[in-house]
Amino acid sequence: GIVLLTMAILFVVGLFVDGTVAMMVFVPVLFPIGEAVGLDPVYYAIIIMMTILVGTVTPPVGLQLYIASGIAKTPVMKTYIWPFVAVMLALLIACVIFPDIITCLPELLKNYLKG
């Protein structure tokens with residue numbers, strides 16, 4: 001429940017605010033809540049970053065969308081972003097459902113370094 005609530009909040013925030021600002025404001029508030037619930041810090045941080053990224057790509061503000069359309073020299077209204085947003089949302093949902101997608105590599109490294 002906490003992860004879904006965090007995703008909903010950060011997605012809406014990402015629609016209107018730059019990702020760096022959203023992280024600076026909301027991570028100090030949300031991260032202790034995730035730790036108190038017992039979420040893996042790496043997992044929770046990746047979910048937070050992915051959610052903010054999806055929010056910053058989508059309109060109405062979509063700062064990343066404006067940057068990409070400026071690089072491509074294409075008007076924002078002619079940019080077809082929805083298939084990419086759908087893929088990012090599918091990946092985000094897969095990472096929420098299967099947390100091992102995120103945590104398997106750090107766990108392998110931790111076990112390897114322990115010896």
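Student: How many disulfides are there?
Tutor: The count comes to 0 disulfides, where a disulfide is a pair of cysteine sulfur atoms within 2.5 Å. Cysteine 95 is in no disulfide, and the nearest cysteine sulfur, that of cysteine 104, is 10 Å away. This is a predicted model, in which local features need pLDDT of at least 70 and side-chain atom pairs count only at pLDDT 80 or more, while totals for chains, interfaces and linings use all residues. Residues are numbered from 1 along each chain as its sequence is written, and side-chain values use heavy atoms, leaving out hydrogens and water.

Student: Is cysteine 95 buried or exposed?
Tutor: Cysteine 95 is buried, because its relative accessible area is 4% (buried means under 20%, exposed over 50%, and partly exposed in between, with a 1.4 Å probe and protein chains only).

Student: And what about cysteine 104?
Tutor: Cysteine 104 has 41% relative accessibility, so it counts as partly exposed.

Student: Switching to helices, at what angle do H2 and H3 pack?
Tutor: H2 and helix H3, which covers residues 41-57, pack at about 145°, and their axes are 11 Å apart. Helices here are DSSP runs of H or I with at least four residues, numbered from the N terminus, and the axes are lines fitted to C-alpha atoms over the stretch in contact, with angles from 0 to 180 degrees between N-to-C directions.

Student: Where is isoleucine 33?
Tutor: Isoleucine 33 lies in helix H2, residues 19-37, and it counts as partly exposed because its relative accessibility is 38%.

Terms used: Helix = DSSP H or I, 4+ residues; strand = E, 2+ residues; numbered from the N terminus.
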